[in-house]
Amino acid sequence: MYDEFDYEINRPKLRKPALGFGDIGGAGQIIYNLVRFEEYDWDNVKDRDVIIPLCDANHSFILPNEKSPTGKEILTSLYNLAKKINDLHDERSFLYRIVDWCKQYGNPYAVDELYAMVTDPGYDHAQDYWIEKTGTFELNRFMYDLGRLNTTMAFYFALENLVFDEEAMAYHLSEEERFFEGLPFFEKYKYFDDLQEEEIDLSTAEGDLRKEIALLAKYRKEHPEADTDEDCLDDDHPDEEDEVMFAGIPYDDYDDLYDKLIDIMPSFTIRVRRDPKTQRTVFAAEVESVFDIAWLTLARKIADDVPPEEKGKHQEIKGPIKICPFCGDAFIQNSNRQITCGKIECNRERTKRNKRRERAKKRQADAAQDKNATYSNNNSSENC
Ligand SMILES: [Zn+2]
């Protein structure tokens, strides 16, 4: 487990209504009080890289307003940030990408503390030093939190795609990337069926998926001839979408895989807090960082899930989070008909794909017609 960077924190009194039990249900829609800073700096303190929000006479902070991000916006933007950072071909430094994110959405840590400090009626520039210190966070901690969130969310969406018979995301989940390693839960399906059961003994794994995968990978290394054909593209139509092929059927284990997802979700801290406006003490979820907000939002989404056989039949709650089938970015779906993230290139790809499908359908229909014609003209020929 990650050991926390030791900046002393004096927990301030709550200055806004807390995220109570009832609110957690709407965690995705709630606008959070993230304090934004115009500029950041970075430094190395005690051998640790830290990112520092600048707060002084020349650099001010921006108070949360109605444009501040909702839980869903925080979750999707963090997922997309991780995806970009993780891209082997990304040329922008990940440090700059993180700072860009902070400048756009808000300081990622000490959410409540910072809000309390900057809205304190007694605030003056003498406190700027303490605001900077409170908002400072460690780069490694951010990367750790981001990676964990990203891999869990990717696993969730890969599972959801399986329900709709889309295996590509699951297939590519643990491929090598720059920083965050995807969860390996789908690996065994890549070669499971190709193996003679008597040739490999999985009993030593005692049902532990990770150990089974390790055994299978070892077997595969020692028996390269058991490799499956990974490139299953239809070579006649290089334009067709990448068709991937698992040897096994991960959907058969949907329930087990879903349980794995539930297991890796973090637990949440609920504490009693006093609402200064109403003077009432309430149970409230602890929101220290944007990752707490993102996890609460993801947990809410998962808790709203229907059984797989019902998926797609029901109208999901307003503004569900989806993955763009063209670029893989997460986005908030505003209407049922919205399929892509909205980027021009993705919309263009979608139009192309639809045209391709139409053409393929027409080709098939034409071929069927020709075949019927040939068949009725020449009953004796075998046509297969
Ligand atoms: Zn897209």
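What is the order of the strands in the open sheet, and with which pairing? I looked this up in a predicted model. The open sheet has three strands in the order E2-E3-E5, and the pairing is antiparallel.

**Entry 1: the sheet.** I next noted the edges. Strand E2 (40–45) and strand E5 (137–138) each have a single partner strand, so one side of each lacks a neighbour in the sheet. I then examined the pairing of E2 with strand E3 (residues 48–53), which is antiparallel and runs over six bridges. For aspartate 43, I recorded valine 50 in E3 as the bridge partner.

**Entry 2: helix H4.** I asked how many residues of helix H4 (residues 111–118) are buried. The count is eight of the eight, so the helix is largely enclosed by the rest of the structure. I listed the buried residues as Val111, Asp112, Glu113, Leu114, Tyr115, Ala116, Met117 and Val118. Looking for what covers these residues of H4, I found strand E4 (61–62), helix H5 (128–135) and H11 among the elements included.

**Entry 3: H2 against H11.** I turned to the packing of helix H2 (residues 71–86) and helix H11 (residues 290–303), whose axes are 8 Å apart at an angle of about 105°. H2 is therefore roughly perpendicular to H11, as an angle of 65 to 115 degrees counts as such. On the H2 side, I noted Gly71, Lys72, Ile74, Leu75 and Leu78. These meet Val290, Ile293, Ala294, Leu296, Thr297 and Leu298 in H11. By class, I recorded eight nonpolar residues, two polar and one charged in the contact of H2 with H11.

Definitions and conventions:
Residues are numbered from 1 along each chain as its sequence is written. This is a predicted model: local features need pLDDT of at least 70, side-chain atom pairs count only at pLDDT 80 or more; totals for chains, interfaces and linings use all residues. Axes are lines fitted to C-alpha atoms, for helices over the stretch in contact, and angles run from 0 to 180 degrees between N-to-C directions. Helices (H or I, at least four residues) and strands (E, at least two) are DSSP runs, numbered from the N terminus. Angles under 35 degrees count as roughly parallel, over 145 as roughly antiparallel, 65 to 115 as roughly perpendicular and the rest as oblique. Two residues are in contact if their C-beta atoms, placed from the backbone, lie within 7 Å. Ala, Val, Leu, Ile, Met, Phe, Trp, Tyr, Cys and Pro count as nonpolar, Asp, Glu, Lys and Arg as charged, and the others, Gly among them, as polar. Two strands pair if DSSP finds at least two bridges between them. A residue is buried if 20 or more other C-beta atoms lie within 10 Å of its own, exposed if 12 or fewer, and partly exposed in between; C-beta atoms are placed from the backbone.
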